[in-house]
Amino acid sequence: MASAPATAGWLRGKVKAVPSGDSLVIMGNTKAAIPPEKTITLSSLIAPRLARRGGVDEPFAWESREFLRNLCIGKEVTFRVDYIVPSIGREFGTVFLGDKNVAYSVVSEGWAKVREQGQQKGEASPYLVELQHLEEQAKQQGVGRWTKDPGASELAVRNLPPSAIGDPSNLDAMGLLAANKGKPMQGIVEQARDGSTVRVYLLPTFQFVQVFVAGIQSPSMGRRPVSDAIPENEVAADDTSGEIAGETRPPLTSAQRLAASSASLAEVAPDPFGREAKHFTETRILNRDVRIVLEGVDKFSNLIGSVYYPDGDTAKDLALELVQNGFAKYVEWSANMMEDDAKRRLKAAELQAKKDRLRIWTNYVPPASNSKAIHDQNFTGKVVEVVSGDCIVVADDAAPFGSPLAERRVNLSSIRAPKMGNPRRDEKPAPYAREAKEFLRTRLIGNQVNVSMEYSRKVGAADGSNGAVPNPSDSRVMDFGSVFLVKSGADDNSSASTNQPGMNVAEMVVSRGFATVVRHRDFEERSNHYDALLAAESRAINSRKGIHSAKDPPVMHITDLTTASIKKSRDFLPFLQRTRRHTAVVEYVLSGHRFKLLIPKETCTIAFSFSGVRCPGREEPFSDDAIALMRRKILQRDVEIEIETVDRTGTFLGSLWESRTNMAVTLLETGLARLQSSFGSDKIPDAHLLAQAEESAKHQKLKIWENYDETKEVSNVSSAEAKQKEVLKVVVTEVLGGGKFYVQTVADQKVSAIQHQLAALNIKEAPVLGSFNPAKGDLVLAQFSIDNSWNRAMIVNGPRGGAVQSPNDKFEVFYIDYGNQEFVPYSRLRPLDPSVSAAPGLAQLCSLAYIKVPNLEDDFGLEAAEYLSECTMNNSKEFRAMIEERDTSGGKPRGQGSGTILMVTLVDVEGEFSINAAMLQEGLARLERKKRWDTRERKAALDNLEEFQEKAKKERLNIWQHGDVESDDEELAPPKKTAGR
């Protein structure tokens with residue numbers, strides 16, 4: 001055996017391909033993108049020839065090639081050119097694998113015969129003698145082609161299908177796919193047409209097929225001039241030497257022949273990086289054992305498949321390797337034939353290659369993006385609100401309670417749930433929108449979560465979807481992040497310190513079929529857990545869950561009593577009082593004491609307010625604190641309610657419990673609400689607990705009681721020491737229902753000053769349309785329809801559509817100095833000078849204290865209003881109004897019946913009789929009930945009025961004509977509760 005060669009004249013390289021049993025393609029060991037190559041035929045050897053078009057193998061041709069291929073492919077060798085035969089353009093040489101002469105191995109195994117000498121002197125291997133000796137040994141041993149077994153030569157000829165000998169037209173691509181789809185098939189790559197197209201022998205049938213690598217496309221290799229194309233009958237080997245060509249060419253298809261006949265002779269150069277991509281593929285799979293997984297067939301019957309090649313102990317995906325290295329781009333149409341996981345890996349690899357600007361992406365310019373990454377913004381908190389199936393509000397644990405920064409809106413990254421719609425625009429919820437929101441509500445509300453903010457995105461003001469960069473003048477910024485529900489039993493520290501802080505909420509929603517995963521554009525920011533979301537979506541689709549199912553979503557018809565008429569709310573009251581307690585869900589916190597509730601059993605939504613408990617109004621101190629507390633405590637939680645009555649605005653009054661805790665007590669004991677003594681609390685469950693909670697907050701001087709002076713409280717003192725009540729001299733200007741009315745203070749300088757200012761105004765002609773556009777809440781001059789006088793008025797409602805179209809368009813106005821309200825045409829309105837509008841309205845809303853008067857919609861409500869009007873508005877009588885209490889829960893005046901209410905005892909100055917008593921005596925009102933915690937003064941007032949009520953009862957006047965109405969009320973009212981319920 002020869003020893004390893006000396007370095008002189010010898011070259012090093014790696015075997016790239018083995019075309020036959022006696023030739024190798026060797027590429028140089030350089031750092032060039034495409035190193036130089038040489039095809040070396042082993043000197044003085046002749047191996048059996050493989051079949052060419054229309055032919056058959058010589059005996060043992062395949063075994064000979066396979067021996068050399070398995071011996072050398074991909075390995076480092078040392079070689080030298082021994083001689084060149086110019087007539088056939090071949091280089092013959094000696095190749096060493098380590099210290100072994102490759103020719104020796106081939107001959108000693110009997111896979112080639114030794115040729116003594118060529119036509120010219122010197123055309124022989126320098127190792128010819130040793131080769132001849134080894135050949136004789138092989139013959140004697142009967143190995144390889146020298147076997148002495150009868151019939152062995154016939155068996156050593158492959159039975160090739162038509163596709164392997166130049167007739168691909170008989171290949172049934174669809175049949176092959178149907179029999180093998182998704183199954184790995186063994187093969188040997190014989191040619192790489194370009195980086196993503198290979199020709200393969202499928203084993204053991206030797207079908208010779210062309211496979212387009214699924215999901216990708218490499219740059220084209222161009223086209224050589226047609227005149228240079230090798231005709232089908234060209235001989236690619238030297239018959240005299242018996243040495244075959246380095247590459248077997250497949251036959252031209254009909255389409256290729258047609259293209260060749262019509263194409264110009266001009267050469268089409270390869271695309272940039274086309275040669276490099278082909279070389280990349282060749283160095284990994286050419287003449288290598290691979291696994292082919294057929295994915296599909298295109299409309300031209302081309303096979304689409306995935307190619308896997310061995311790399312040590314692992315198998316690598318050729319498509320993924322090409323994309324990762326910038327040698328191919330992702331192709332959606334063929335990727336759709338693949339598994340979802342494989343598609344995601346290819347897409348992610350392409351994105352990374354683009355970011356790194358690898359090879360074909362060197363000059364890539366990313367498109368404009370409307371998203372921006374958010375770094376290092378992680379926080380923990382409790383979920384306060386579920387806005388929709390992909391948006392929640394989390395109260396940050398690190399922010400102070402009640403702070404505007406405490407609640408943070410988080411949109412779940414990379415998912416989109418069905419839209420909830422907008423009732424104000426008559427937009428109904430999309431299918432499964434309610435179910436998606438309810439799914440999150442039942443799992444997240446009140447629970448601890450870990451939030452990792454990931455990116456923000458500018459979107460159009462009315463569009464929360466992913467799309468083009470919106471107009472900056474009409475956009476908003478949405479923050480997106482991943483939310484993890486802290487696992488049950490795990491504390492915050494352990495959750496935060498692990499790689500898995502809890503269950504990914506977005507993944508939960510997607511896996512239940514309540515959301516889809518957003519297909520981001522390149523370079524758009526996305527969830528850090530995007531692959532997991534796609535996998536969850538795939539599972540939901542396969543399981544036909546939620547929006548992926550063929551079933552129609554469940555239909556839920558909700559009666560919205562918050563927008564219905566007051567009469568409809570009153571008609572609904574008996575249905576809500578049939579059951580003592582109802583289970584409800586708090587949909588919105590409108591104020592500290594007022595909410596919107598959904599009652600699932602009754603399929604209705606109602607406006608609900610605590611009985612006898614009021615929080616500060618909007619823009620008043622501690623109003624936001626009360627709202628924040630209720631959002632934390634009850635928003636979107638399951639609660640229990642008891643309905644007692646419905647007020648004049650259609651709001652249902654009652655009590656509300658969350659986890660057996662009366663939430664009115666919670667408000668009172670934190671100093672964020674006060675009891676309304678004017679409200680009949682005899683029907684309120686836990687009334688004594690409410691009083692105790694308020695007293696506790698007073699003593700601790702919490703919130704609204706921070707300036708409370710206990711010494712000024714009228715309690716356990718003699719009547720002589722009782723505080724002096726404020727008394728006003730008034731005239732009644734307007735009477736409403738339910739014992740309410742408006743008054744003006746007599747001898748008030750403001751009244752005369754306003755009257756003088758109005759008299760001095762120069763009222764101009766009606767304004768030109770468009771020059772004066774009064775809006776809701778504006779103060780204007782309005783001409784009263786009765787006496788044509790001009791008065792200050794507030795716009796309550798404008799014409800439909802907003803813009804004034806005609807002088808006759810109607811505006812609803814509230815006369816702020818008198819309390820009446822009417823519709824007037826645009827022609828009777830004028831702008832109001834700021835000097836006149838600065839003074840507050842002179843009309844003050846009052847209500848008769850200690851008594852309950854029927855509303856206009858109730859029985860005897862109209863008679864009660866008429867009687868009150870007769871007593872108070874004839875001949876401009878003066879009255880003395882003693883203020884018993886102020887109700888500020890109405891906030892600022894927004895029209896008739898709104899604003900602060902003075903609870904008064906109204907006394908006729910001339911007749912020295914009480915209007916409160918007169919209403920009772922006429923049977924047009926009834927007394928409020930006494931309570932154990934009433935002050936002595938209140939108890940005395942009720943005792944004094946009781947005789948007037950008793951007289952009306954005896955005479956069965958008006959509301960008492962059918963007996964004691966209170967007994968009927970008690971039958972409808974819920975029974976009193978014991979403490980602690």
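Is cysteine 72 buried or exposed, and at what relative accessibility? I looked it up: cysteine 72 counts as buried because its relative accessibility is 0%. Buried here is under 20% relative accessible area, exposed is over 50%, and partly exposed is in between (1.4 Å probe, protein chains only).

The model is predicted, so local features need pLDDT of at least 70 and side-chain atom pairs count only at pLDDT 80 or more, while totals for chains, interfaces and linings use all residues. Residues are numbered from 1 along each chain as its sequence is written, and side-chain values use heavy atoms, with hydrogens and water left out.

I then looked for disulfides, taken as pairs of cysteine sulfur atoms within 2.5 Å. The count comes to zero.

**N-terminal strands.** Helices (H or I, at least four residues) and strands (E, at least two) are DSSP runs, numbered from the N terminus. Two strands pair if DSSP finds at least two bridges between them. I found β1 (residues 11–20) antiparallel to β2, with five bridges. The two strands form a hairpin with two residues between them. Glycine 13 has glycine 28 in β2 as its bridge partner. On to β3 (residues 37–42): five bridges join this strand to β2, again in the antiparallel sense. There, leucine 24 has isoleucine 40 as its bridge partner. Strand β2 (residues 23–28) is largely enclosed by the rest of the structure, because five of its six residues are buried.

**Helix α14.** This helix (residues 530–542) has 13 residues and spans 19 Å from first C-alpha to last, close to the expected 18 Å. The expected span is 1.5 Å times one less than the number of residues. I listed its buried residues, among them Tyr530, Leu533, Leu534 and Ser538. The buried residues of α14 pack against α10 (340–356), β21 (415–416), α13 (505–511) and β25 (516–517). Contact means heavy atoms within 4.5 Å. Just after α14, arginine 544 has a positive phi of about 55°.

**Barrel.** I traced five strands that close into a barrel in the order β35-β36-β42-β45-β44, with mixed pairing. The twist averages 55° from one strand to the next. Axes are lines fitted to C-alpha atoms, for helices over the stretch in contact, and angles run from 0 to 180 degrees between N-to-C directions. Strands β42 (residues 844–848) and β45 (residues 901–908) are parallel, with three bridges. Leucine 848 stands opposite valine 904 in β45.

Helix α21 (residues 861–872) lies across β35, β36, β42, β44 and β45, at about 125° to β35. Alanine 865 sits in α21 and counts as buried, because its relative accessibility is 14%. Leucine 736 is 129 residues from alanine 865 in sequence, yet the C-alpha atoms are 6.6 Å apart. Leaving aside neighbours within four places in sequence, alanine 865 is in contact with Val735, Leu736 and Leu856.

**Cores.** A nonpolar core is a set of buried Ala, Val, Leu, Ile, Met, Phe, Trp, Tyr and Cys residues joined through side-chain atoms within 4.5 Å. The largest has 46 residues, and Leu848 and Phe741 are among those with the most contacts inside it. Apart from that core lies another of 43 residues, including Val586 and Leu690. Beyond four places in sequence, the contacts of leucine 848 include Phe741, Leu906, Ile915 and Met919.
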